[in-house]
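The entries follow in the order in which I made them.

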Amino acid sequence: MNLEQVNGDTLAAARKVIAVHINYPSRAAQRGRTPAQPSYFLKPSSSLSLTEKTVERPAGCELLGYEGEIALVIGKSARRVSLENAWSHVEWVTASNDLGVYDLRYADKGSNVRSKGGDGFTPVGPALIPADAVDPTQLRIRTWHNGELVQDDTTEDLLFPFAQLVADLSQLLTLEEGDIILTGTPAGASVAKPDDVVEIEVTGGGFSSGRLATKVTEGTTPFADFGAMPKTDDTQREEAYGSREAAGLEASEPAAASVLTPELKAKLESVATATLSSQLRKRGLNNVSIDGLQATRPDRKVVGLARTLRYVPNREDLFKTHGGGFNAQKRAIDSVNEGEILVMEARGEKGTGTVGDILALRAQVRGAAAIITDGGVRDYSAVADLEMPTYFANPHPAVLGRRHIPWDTDITIACGGATVQPGDIIVADSDGILVIPPAIAEELVDDSIAQEKEETFIFQMVQEGNSVDGLYPMNKEWQARFSAWQSRQGAHSD
């Protein structure tokens with residue numbers, strides 16, 4: 001389609017560039033925090049640049065971060081607009097790259113003036129998509145780094161829909177014609193180095209912004225000594241790359257047991273994994289269930305911190321060096337602590353055992369809360385008689401050397417289709433097994449408890465003969481009745 005191209009006049013009309021910190025559930029999960037309300041920062045209009053341009057990584061800087069984003073271009077002045085009318089004030093949608101140097105994040109106490117405000121740090125374009133021709137909840141943002149797709153997400157489940165951003169900002173300041181709102185980035189943002197090329201495209205409703213291509217060059221002019229100098233550390237590297245692994249850093253030590261406090265553990269034990277799963281889904285975490293396993297104690301509710309063990313496919317020469325003696329399997333069993341859960345990566349291989357009765361008993365004696373393996377279990381009857389639950393793919397009589405070599409412990413693994421890191425919180429019940437990032441556990445369980453209270457009310461109302469129409473989910477009328485019901489429940493408990 002013939003779309004208007006971003007040009008000098010487009011950029012000249014922009015008096016403000018306003019960016020949102022966190023808006024995609026996938027990014028919130030990556031950062032370990034989900035904001036209740038949107039928060040913003042300003043980028044100078046001088047940071048804007050046209051398509052097919054280069055951007056300079058300032059001399060002395062290491063971490064030039066890129067973030068693919070959808071940019072909204074305001075078409076008519078907006079001041080105290082309603083949610084219903086907010087989208088009508090947006091004229092164009094296009095692609096943008098919210099570039100910034102993490103080396104200067106420390107300097108401006110969160111304002112991002114120097115880290116995000118450099119010349120050319122906000123490329124936009126190349127084509128402008130008419131806002132009135134697309135559904136703002138059905139747009140797609142993709143980013144390629146040196147030709148590899150690294151970001152791919154949609155606007156369907158944003159924490160703060162685009163109309164809310166426009167309406168929210170307009171309550172205090174006037175959005176003027178040409179102003180640009182950067183609407184947040186999904187997970188996958190990372191670091192670009194000199195000679196790297198970052199490309200970003202927005203699509204929706206049959207339209208495309210085209211690919212916004214930016215090549216990174218190396219700056220040659222050093223910073224003067226009278227201002228903030230670039231500096232970085234492993235914390236900034238992890239933030240910039242998205243993970244310690246991506247930054248080339250050693251894995252963190254397993255989380256301390258204090259992460260799972262008795263209070264948090266009791267809360268997690270009080271809610272169903274089905275409820276926790278729905279709350280994880282709201283936060284963009286869809287791949288956090290360990291699937292396809294059965295349990296020796298399916299009636300048990302298990303909550304604990306993950307310890308990990310990895311098996312690799314058997315190779316006879318390596319089994320001779322790694323399979324005997326006090327190998328990784330025995331080290332893992334003999335070091336598991338009170339309340340921890342040993343999670344094993346067996347690649348879904350069902351043709352041999354990964355744990356038997358003696359080692360399972362040793363784990364129970366040490367106080368392990370459970371063993372989880374996506375491989376087989378030997379001595380099934382004896383293992384099943386233990387008080388400690390074991391989750392497994394199937395019984396099998398064969399020993400390790402048939403298919404596996406115990407290789408390493410306390411590393412990031414895959415089990416039953418889910419990634420598990422040492423220190424992750426594992427919750428299992430008759431519905432399944434979930435892996436919960438520790439950083440969001442408190443918020444997650446509190447929202448799950450609130451959800452179950454609502455569902456208890458809904459269940460009671462259905463029992464009394466009410467239709468689910470308007471009740472599940474609850475409309476405003478039923479929300480009011482729920483609030484009154486809650487008040488009565490509180491009064492009775494007193």
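I began with the contacts in the protein (heavy atoms within 4.5 Å): of those with a separation of 6 or more, 77% are between residues 24 or more positions apart. I noted that this is a predicted model, in which local features need pLDDT of at least 70 and side-chain atom pairs count only at pLDDT 80 or more, while totals for chains, interfaces and linings use all residues. Residues are numbered from 1 along each chain as its sequence is written, and side-chain values use heavy atoms, with hydrogens and water left out.

Overall, I found 14 helices and 32 strands, where helices (H or I, at least four residues) and strands (E, at least two) are DSSP runs numbered from the N terminus. The C-alpha trace spans about 75 × 65 × 45 Å along its principal axes. Of the 494 residues, 49% are buried; buried means under 20% relative accessible area, exposed over 50%, and partly exposed in between, with a 1.4 Å probe and protein chains only.

**Helix pairs on α13**

I looked up how α7 (residues 262-270) lies against α13 (residues 441-463), and their axes come within 10 Å and cross at roughly 40°. Such axes are lines fitted to C-alpha atoms, for helices over the stretch in contact, and the angles run from 0 to 180 degrees between N-to-C directions. That angle makes α7 oblique to α13, since angles under 35 degrees count as roughly parallel, over 145 as roughly antiparallel, 65 to 115 as roughly perpendicular and the rest as oblique. The crossing of this pair, α7 and α13, is left-handed; a crossing is left-handed if the near helix is turned anticlockwise from the far one by less than a right angle, and right-handed if clockwise. On the α7 side I listed L264, K267, L268 and S270, which meet A441, E442, V445, D446, I449 and E452 in α13. The residues of this contact divide into five nonpolar, one polar and four charged, with Ala, Val, Leu, Ile, Met, Phe, Trp, Tyr, Cys and Pro counted as nonpolar, Asp, Glu, Lys and Arg as charged, and the others, Gly among them, as polar.

I then turned to α8 (residues 273-282), which packs on α13 at an angle of about 120°, with the axes 9 Å apart. α8 and α13 are therefore oblique to each other, and α8 passes α13 in a right-handed crossing.

**Single residues**

Q236 lies in helix α6 (residues 234-241) and is buried, with a relative accessible area of 19%. Its side chain makes a polar contact of 3.0 Å with that of R105, a polar contact being a pair of N or O atoms within 3.5 Å, of which, within protein, one must be able to donate a hydrogen and the other to accept it, and residues adjacent in sequence count only if both atoms are side-chain atoms.

I placed D108 in the loop between β9 (100-101) and α4 (113-116), where D108 counts as buried at 19% relative accessibility. A polar contact of 2.6 Å joins the side chains of D108 and R114.

Last, I found T412 in the loop between β28 (404-409) and β29 (413-415), and at 36% relative accessibility T412 counts as partly exposed. The side chains of T412 and Q421 are joined by a polar contact of 3.1 Å.
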